[in-house]
Amino acid sequence: MTLRAAAETTGRRIGVAVAYEPLVREPAYARLIQAEFNAVTPENALKWAPVQPRPELVQDQHWQVIFDAASQGRQSVRGHTLLWDQQLPAWAVALSDAELMVAQQQHLERLVSATAGRVRTWDVVNEALEDDGTVSKTALWRVDGDRHLRDAFVKTKALDPAAVLAYNDYGIEARNPKSDGLLRLLTAWRAAGVPVEAVGLQSHLKVGEGPRPAELAANMRRFAALGLEVHLTEIDVQVRHLAGSAWGAEAAQARLLYGWTAACVAEPACRELSFWGLSDRHTWVDGTLGDDRPLLFNDDLQPKLGYYAVRAALLGQPDPTCAIERLPAPKVGAHAGWRSSGGPLQVGPKGGAAAAMVVAGRTEAWQGPVHSVLSSLTAGLPLRAGVRVRLNAGPPAPVALTLRIVDGLGERYVSVASGRATADGWLRLEGPLRVALQGELRTADLYVEGPAAGRELWIDAPSLRVDCEASP
Ligand code: G3I
C-alpha cells in the first residue's frame, strides 16, 4: 500500500515539497511523487524571487509545470508562500519600506489571481515571528506591526475564496514562547475576523533534540481549539549528528517519524502532513546545514525505515521498526557472525533448540559466544538485547550478558543482564543497551560470560531489537 492510499484511509493529505528541476529531468522522481503522495508543495517555484526576478519579468512556467503534474496525479497543491522576508527579488529588497509594501501587495494580487481555484491551502505568511513570539521587524513586516500580515490574508481570501489560508512557521511544534506568541496573534486575528484558517507547523526535526510527539500533540490541541486546521508542512528529520551506525540512525529517525505521524492521526484537526523533499538526494539540508539523510527515500529513491513507520502510523498499526531483529541466529555450519572469545564455537541441538551455541574448552569465566552490534548501535536509539542460556551440568552459576565498547572514551563494559543459569532448563537474559557513545565507535561486542572455566554454557535465541517501550 502506498503512503497516499494509507493517508486516504484517514481522510488526510500526505504531501511532499517538489522541485522543478528533478520533476522535469528525473522520470523516477516524477513517478514516485505521483504514486506516493496526494498533495504537493512547490518547494521554491512560487516564491517571489523566482517568479519575478525583475520588475518587468514574470516567470510562471515552473510552478505551472508543477501544478499541471499535480492535476494529472490527482494531487492537491499547497501554495508556498506569499509573504516571507526571504527569497525576495533583489530589486524589491532595494525599495523603500513603503515601496516594498506596495510591490509585495501587487505580487500577492497577481500570483493569487493567476493560481485562483488551483491552490488548496496557501501559506499566506511564512516565518514572521521571532523566537520570543513577537512579530519580526525585518523589512517586510516592520511597517505597522502585523497590519501588513493581516491585510495579506484578507486580500488572498477575496481573490481566491476557496483556498484555505495558513500561517506557516518553524520552531512552533511544541509549546514555547514562539508558539505562545503565535497563539496570541492568531487568537486576535480570528477575533478580528481575519480569515486565517490553518497553522503550518513546519517540523524540521533532529533526532534526540527538540520536541517529542507528546509535546506536538498538546500544542496541536491549542491551535485546534481556535478552530484552525493544523498542518505538519515541512517534515524532515536530521540524523547526521548521531554517533554510531547508519542503520541505527535510520531506525531512530523512523521512531520519531512514527510518533510524529501518529500524533497527527490522533488529532482530528491535523489534516495534512508533508515532507520537505522526496529523498535524501533532494534535501535543502545538505546545502545549508551539511550532508544528511533526513527524508523517507534514500539517494536511490528506495523507501527507508521511516517510510514504513509513517505508513504504519497512518494505518494505526505498530511501528515495524520495533519488529526488526538485528542479531542473526546461528545455524549448524553457519555461525552468522557469531564468534567465540576462547575455544572453538560449536553450534548444535541442545535442550530442544536446533542450533544452540557453546564455546568448548572455556579457560576463563568471561569466555563465551560474541557478536558485534556495531551495525545497530547508535546514539539516540534505545535497544534491548537478549539470549537464553543453560548449563550443561552441575550446580547453578552466575551468567551475564555484557556489552564491550571501544569509542572515543576508550574501552568500557556495560552490563546488559545477569542471572543464575542452571542445567535444568533455559534462562532468559534480557536487558537494555544503555551506553553514552562518544566520538568514533570502533567496537561494540555483545557477549555471554558466566560460569567458571571448564563448565559448558549453552546459548540460544539471541535477539537485538529497538526498545519501543523506552521513553523517547
Ligand atoms: O534557482 C536558482 C539558480 O538559478 C541560481 O543559480 C542559484 C544560485 O544560488 O540559486 C537558485 O535558487 C536557490 C533555490 O533554493 C532553488 O534551488 C536559492 O539560491 C536557494 O536559497 C533556495 O533555497 C531554498 C530556501 O527555502 C530558500 O528559499 C531551499 O531550496 C528550500 O528547501 C527552503 O525551504 C524553506 C521553506 O521555503 C520555508 N521553511 C524553511 C525551508 C528550509 O529552509
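Predicted model: local features only at pLDDT ≥ 70, side-chain atom pairs only at ≥ 80, totals over all residues.

Residues are numbered from 1 along each chain as its sequence is written, and side-chain values use heavy atoms, with hydrogens and water left out.

The chain has 13 helices and 19 strands. Both are DSSP runs numbered from the N terminus, helices being H or I over at least four residues and strands being E over at least two. Along its principal axes, the C-alpha trace spans about 90 × 45 × 40 Å. Of the 472 residues in the chain, 54% are buried. Buried means under 20% relative accessible area, exposed means over 50%, and partly exposed lies in between, with a 1.4 Å probe and protein chains only.

Contacts are counted where heavy atoms come within 4.5 Å. Among contacts between residues at least 6 apart in sequence, 77% join residues at least 24 apart. The chain carries 49 positive and 53 negative side chains, and the centres of the two sets lie 6 Å apart. Here Lys and Arg count as positive and Asp and Glu as negative, with His and the chain ends not counted. Each charge is placed at NZ of Lys, CZ of Arg, CG of Asp or CD of Glu.

Now to the strands. Strands of a sheet pair through backbone hydrogen bonds, either parallel or antiparallel. Two strands are taken as paired if DSSP finds at least two bridges between them.

Strand β1 covers residues 13-18, and six of its six residues are buried. R13, G15 and A17 lie on one side and I14, V16 and V18 on the other, and both faces are covered. β1 pairs in the parallel sense with strand β9 (residues 270-275) over four bridges. Within that pairing, I14 has L273 of β9 as its bridge partner. β1 also runs parallel to strand β2 (residues 39-42), to which four bridges join it. There the bridge partner of V18 is P42.

Which strands pair with β15? One is β18 (residues 443-449), joined antiparallel to β15 (residues 397-407) over seven bridges. In this pairing V406 stands opposite T443, and T402 stands opposite Y447. The other is β16, which pairs with β15 in the antiparallel sense over eleven bridges. V399 has G419 in β16 as its bridge partner, and a hairpin through two residues joins β15 to β16. β15 is mostly covered, with nine of its eleven residues buried.

T422 is found in the loop between β16 and β17 (427-433). T422 counts as partly exposed because its relative accessibility is 23%. Leaving aside residues up to four places away in sequence, T422 touches R390, L391 and P396. The C-alpha atoms of T422 and L457 are separated by 9.5 Å, although the two residues are 35 apart along the chain.

Finally, the backbone. Most residues other than glycine have a negative phi, and most peptide bonds are trans. The peptide bond from H80 to T81 is cis, with omega near -5°, and T81 is found in strand β3 (residues 76-83). Q87, in the loop between β3 and α6 (90-93), has a positive phi near 55°. Q87 is partly exposed, with a relative accessible area of 37%. A461 lies in strand β19 (residues 457-466) and has a positive phi near 50°. A461 is partly exposed as well, its relative accessible area being 32%.
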